[in-house]
Structures are given as structure tokens and as C-alpha cells.
Amino acid sequence: MQDSRLSSHKEQNKPPAQSEHGRFFHWLDRRTGIDALLRAALDEPIPGGASLAYVFGSGLLFLFLSQIITGVFLALYYVPSADHAHTTIAYITKEVTAGSFIRSIHAYGSSAIIIVLLLHITQTFLYGSYKGKRELLWLAGCGLFALMLGMSFTGYLLPWDQKAFFATTVGTNILSEIPFVGNALKSLLRGGTEMGTLTLSRFFVLHVFMIPALIFVFVAIHVYLFRKAGAAGPIQGDAATLEKSAEPFYPRQVLVDIVFALLIICGLGLLAHYWPVDLGPKANPADTQYVPRPEWYYIPVFQWLKYWEGAFAVMGILVIPGLIALLFVALPFIDRRGERRPWKRPVALAIYAIIFAGLGVLGGLSRRGDLLDPAIRSQFARQRADVDSFMKAPFEPELAGSSLVAANLALANPLANQGKAIFEQQTCNACHGDSGIGTAAAPKLIGVAVKYDNEKLKALLKQPTKKMTDGGMPRVELNDADLRALISYLDSLK
């Protein structure tokens, strides 16, 4: 009887049987302490409970991870050189399955990061979440802001099309206005005085390795300081009440963050599917007609710099923006009051609103100026037509093989070899490219002899059509012998 009671007691105190999943998690936890880590991450108390106001930080982290994933895919095909960069992007856009879609998500993701980042800054400012013992948290956030802008700037050049080349040229030229060290900084960033393969290589290293590594470091610092300081919570309510209404990060806030991430995914997916990002013709440094414009979030800065020229350029480029940036970074050290309610901080809110309104006005003025200038409007139309034409054209692989064939034919044919020298002496390659492969300024000449016979080519060279002259084609003034040699070389471009 006594043995029976002891057996029954043991059965009652026996721990419940664990599932395979439970046993594996227990095994993993004993070796990694993952249970404590998850509890520390998910049981974070949120004063006032879950709220949509807290989704922007998580949204930024999701977007950054999305940029990494899509960026890794793009990097599988990309070659950071002036000869191959544009061709590899064209291959991704036109040939790779879902390549255009993924590239578009990456491009739109860059803009989405800026939008969510501005929303996050606005929410932090309105809620006064930088107040209290959060100075270092604010500084880490400012560092992340600068790094995200750097990611956008360095990534903009990588497609190596007309827009990317000339917009980045303007951006790097601004550095030369900085006294004493400006030209050195520009040369360091470009890898020389001109934009070329070294520029692409440096921008690629910055965009893919150095800046993302710094972002990871700053994200870790930002999250640690946030957990150390705790969530700021709602702008109203005493501490005791907010503490009572606090709830853990999991499950409600996690669910809200997931819904926000899903909305971002859907938005990026719809944009990438219905409005894929274009790729323009390959960069042609000799094109003096191209009118560059930066990405939308740099347009206000672009317009601002127009008002500062000559000796005053340093004021508009360095002094005034530097003072504004310094005041922005030093905000938690300047505004030491504990008051967080927006309506109790009218001066701070007015300054913040004026700065953002000023950025909007500058962007509007830039757009208005472009629309009112007939020359710029006409050039924009030509540039848009060039982009549309390039996007509609089938993908053309690099013509290294064709160029080699043409070179060999020219060497085998003395007359064609002489014509090649004339082609280069007349700087025809400046517009039509080396070996006639074509550029954004002029079409390719490979196969032109199939389209036109020698007599027609001779007539076109001596008297170009109106379309050719409008595109910048001059009359070729050569004697008959040199003209025959040039036509012989064009005939070899097959």
C-alpha cells in the first residue's frame, strides 16, 4: 500500500513530456542561453503599450536588411569598371530573370529609407524623445542618418549611365569649393582628377563594404543605447501611470512592426512591378549637352547651391549647412527642458517646420525653374527619349569580339588601317566610340556598311542629313583618297 502511494507521488511530480521541438530548444538553450536572449529582447517594457508611433525604427532596420539582400544579388553580376559597369546593369535589367524587379526594389528601397528616416526623426522631435538621458542615443541616430545619405550618394553612380555620371560629377565638384582641402578630397574620392574606373571602384567599395560595416556598428550602438535608456513612451501621463500601463514588446508591438514591414514590402513590390526603374544610355563624358539632376532628396540642396557663387560659395556649401548640422546634432544638449508636449514647445516646432518647409520650397523652385526654361525643358525631353530608346532596345553584349575582328581586318587591309587612323584623327571616336561601338552622343557604326553602300556613305559623310547635323555630326572635309580609306575602315566594322 505504501509502495503504491510512493509510486503515485512520483508520477505526480514527474515533469511533463517534452516534444521534439521542446527538447531541441532546451538542448540549444543550455549551450547558447538563447532563451534569456529572447526574453531580454522581447520582454522590453513599452510605456503606454504598443503604438504605430514606434514602428519607424523597426521599419528602417527591415529596409536596411532588404537593401543588403537585393544588393548581394546585384553584386553577383556587377563589375565596377567604366568599361563593364553599364553593360552588367543592362544585363541585369534586360536579361536576368526578375533582375529588373530586384534592381527596382533596391532603387526604390533607397528612397524609402530616406522617407522613413525623416518620419522617424520627425516623430522623435515631436515626441521630445531625445530628452532626458538620451544624448548618446541621438548622436548615434545622427550618425546613422549621415551614413544612409552616404549609401544613397555612393550607390547612385554605380549604374554608370548618363544621369548617374553627370549628377555624381556635379556632387563631387562641390567638394572643390571647400577651402584648403577641397581639391584633395575630390581627388581622393574620384581616384584622380577625372571620373573613371578608379571612381567607380572607390564608390563600390564604400557602398558595398565600408559604409554598411559602419551602419552595422552604429545600429548595434543605437539599439544598445535605446535599451539602456528605455522607450520614451507617450508625451503625456505621469511616470507611475505609464509604468502601470506598460506592456512587453512581444506580442503586440512585434505584430504592429510586422504589419508595417508588410506594407513596405507591398509598396516596394507594386512600384517595382508597375514602374520599374529605368537605365539610361552609357555615360559619355564628352556629352556637353546633358543636363544633370540629382535624386529627389538632394534636389533642395542642389537648388540651394545655385544661390552661392564665387567668393560666397563657401558660405552656402560649408558654413551655413555646417552650422545647421551642428545645431541639429547638439539638439539634446541645447534643449534641456523636460517638457515633451509639442504644443508647449512652439519655438522648437516653428524652427523645425521652417527648415522642412524651406527644403520643400527649394525643391519646388528647382522644378519650376526647369519647367520655365525652354532650353532645359527641350533637353529633358531629348534625355527622356534617349532613355526610352535604350530601354526598348534589346540587350547588346560588349562588343570586344567584334572590335577585335574589326581591328584584325584593319591590320590585314592597309587601306582600312589608314582609315582607322583618320577615324581617330578626326575624333570620330569621341562620339561614335572606339571601334565604332557607339555612345550616348552618337549611334554605333558597326554594320553601317551593310545598311549603306560606299557611294551612300560617301554622300552622307560629305553632306549629313538634318537629323545627323542636329545630333552634332559635322561635314567630313577630306580628300578623295582619305575618304576612301575612311569608308574602307567603316566597311570593316562588322
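Which side chain of opposite charge is nearest to Arg345, a residue that is buried yet has no salt bridge? It is Asp335, 4.3 Å away, where a salt bridge requires a side-chain nitrogen of Lys or Arg within 4 Å of a carboxyl oxygen of Asp or Glu. In counting charges, Lys and Arg are positive and Asp and Glu negative, while His and the chain ends are left out. Buried means under 20% relative accessible area, exposed over 50%, and partly exposed in between, with a 1.4 Å probe and protein chains only. Arg345 lies in the loop between α15 (331-334) and α16 (346-372), helices being DSSP runs (H or I) of at least four residues and strands (E) of at least two, numbered from the N terminus. The side chain of Arg345 also reaches the backbone oxygen of Leu126 at 2.8 Å.

This is a predicted model, in which local features need pLDDT of at least 70 and side-chain atom pairs count only at pLDDT 80 or more, whereas totals for chains, interfaces and linings use all residues. Residues are numbered from 1 along each chain as its sequence is written, and side-chain values use heavy atoms, without hydrogens and water.

The count of salt bridges comes to eleven, including these:

| Pair | Closest N to O |
|---|---|
| Arg227 and Glu44 | 3.7 Å |
| Glu477 and Arg475 | 3.9 Å |

Arg227 lies in helix α10 (residues 197-229) and Glu44 in the loop between α3 (34-42) and β1 (45-46), so their pair ties together parts that are 183 residues apart in sequence. Arg227 is partly exposed at 36% relative accessible area, whereas Glu44, at 11%, is buried.

Key:
A polar contact is a pair of N or O atoms within 3.5 Å; within protein, one must be able to donate a hydrogen and the other to accept it, and residues adjacent in sequence count only if both atoms are side-chain atoms.
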